[in-house]
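Visitor: I am new to reading protein models. Could you take me through one, feature by feature?

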Amino acid sequence: MSGESDLRKLLSGMRPELNEGRYVFCTVPGTTVPAGTAPVATVLEPEGLTLVLRQEDADAAGLAYDYTAGWITLRIHSALDAVGLTAAVATELGAHGLSCNVIAGYHHDHLFVAADRAAEAVAVLEQLAGRSEDVRP
């Protein structure tokens, strides 16, 4: 099942949804996910294993973190080879002083933005989607 690759359709149909909770990025040595944690994403780097997980899981496991995020899922099935979605979203958020960390899943793109500005980021993305509906291909 392939995803959408037309940028106009991706933007107009992205339906950003704020997931419940607060999320953090942690790192642990090696390749083992600590017991009692359930990461929503992992990335293996030479320096260690990066975990993206609920803040309360990190706190319970005694894991350090510097950044607390809100997790936004773009509810459109984007093709992994689609061109421009990440750039358009990051540019729009950046124009509003919002940073984002993007992780692509098989079906959806996931954005992690500053937790205290997550609702604002959703509103910015909804405005972008609305403007994109009016753009002719």
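Visitor: Is Arg117 buried, exposed or partly exposed?

Guide: Arg117 is partly exposed, with a relative accessible area of 26%. The cut-offs are these: buried means under 20% relative accessible area, exposed means over 50%, and partly exposed lies in between (1.4 Å probe, protein chains only). Before we go on, note that this is a predicted model: local features need pLDDT of at least 70, side-chain atom pairs count only at pLDDT 80 or more, and totals for chains, interfaces and linings use all residues. Residues are numbered from 1 along each chain as its sequence is written, and side-chain values use heavy atoms, with hydrogens and water left out.

Visitor: Which residue forms a salt bridge with Arg117?

Guide: The general idea comes before the case. Side chains of opposite charge can pair when their charged atoms come close. A salt bridge here is a side-chain nitrogen of Lys or Arg within 4 Å of a carboxyl oxygen of Asp or Glu. Arg117 forms one with Glu120, and their closest N and O atoms are 2.9 Å apart. Glu120 is partly exposed too, at 35% relative accessibility.

Visitor: How many salt bridges are there in the whole structure?

Guide: A search finds 4. One of them joins Arg54 and Glu56, with the closest N and O atoms 3.3 Å apart. Arg54 is partly exposed at 28%, and Glu56 is partly exposed at 45%. Another pairs Glu92 with Arg131, at 3.0 Å between the closest N and O atoms.

Visitor: Which parts does the pair of Glu92 and Arg131 tie together?

Guide: Glu92 lies in helix 3 (residues 85–95) and Arg131 in helix 4 (residues 118–133), so the pair ties together parts 39 residues apart in sequence. Helices (H or I, at least four residues) and strands (E, at least two) are DSSP runs, numbered from the N terminus. Glu92 is buried, at 15% relative accessible area. Arg131 is partly exposed, at 42%.

Visitor: At what angle do helix 3 and helix 4 pack?

Guide: Two packed helices are described by the angle between their axes and the distance between the axes. Axes are lines fitted to C-alpha atoms, for helices over the stretch in contact, and angles run from 0 to 180 degrees between N-to-C directions. Helix 3 and helix 4 pack at about 120°, with their axes 10 Å apart. That makes helix 3 oblique to helix 4. Angles under 35 degrees count as roughly parallel, over 145 as roughly antiparallel, 65 to 115 as roughly perpendicular, and the rest as oblique.

Visitor: Which residues meet there?

Guide: Ala88, Val89, Glu92 and Leu93 in helix 3 meet Ala121, Val124, Leu125, Leu128 and Arg131 in helix 4. Contact means heavy atoms within 4.5 Å.

Visitor: Where is Asp109, and is it buried or exposed?

Guide: Asp109 is in strand 7 (residues 109–114). Asp109 counts as buried, at 9% relative accessibility. Not counting residues up to four places away in sequence, Asp109 touches several residues, including Ile72, Thr73, Ser78 and Val102.

Visitor: With which side chain does Asp109 make a polar contact?

Guide: A polar contact is a pair of N or O atoms within 3.5 Å; within protein, one must be able to donate a hydrogen and the other to accept it, and residues adjacent in sequence count only if both atoms are side-chain atoms. The side chain of Asp109 makes one with the side chain of Ser78, at 2.5 Å. The side chain of Asn19 makes a polar contact with that of Thr73, at 2.9 Å.

Visitor: Where is Asn19 found?

Guide: Asn19 is in the loop between strand 1 (16–18) and strand 2 (23–28). At 16% relative accessibility, Asn19 counts as buried.
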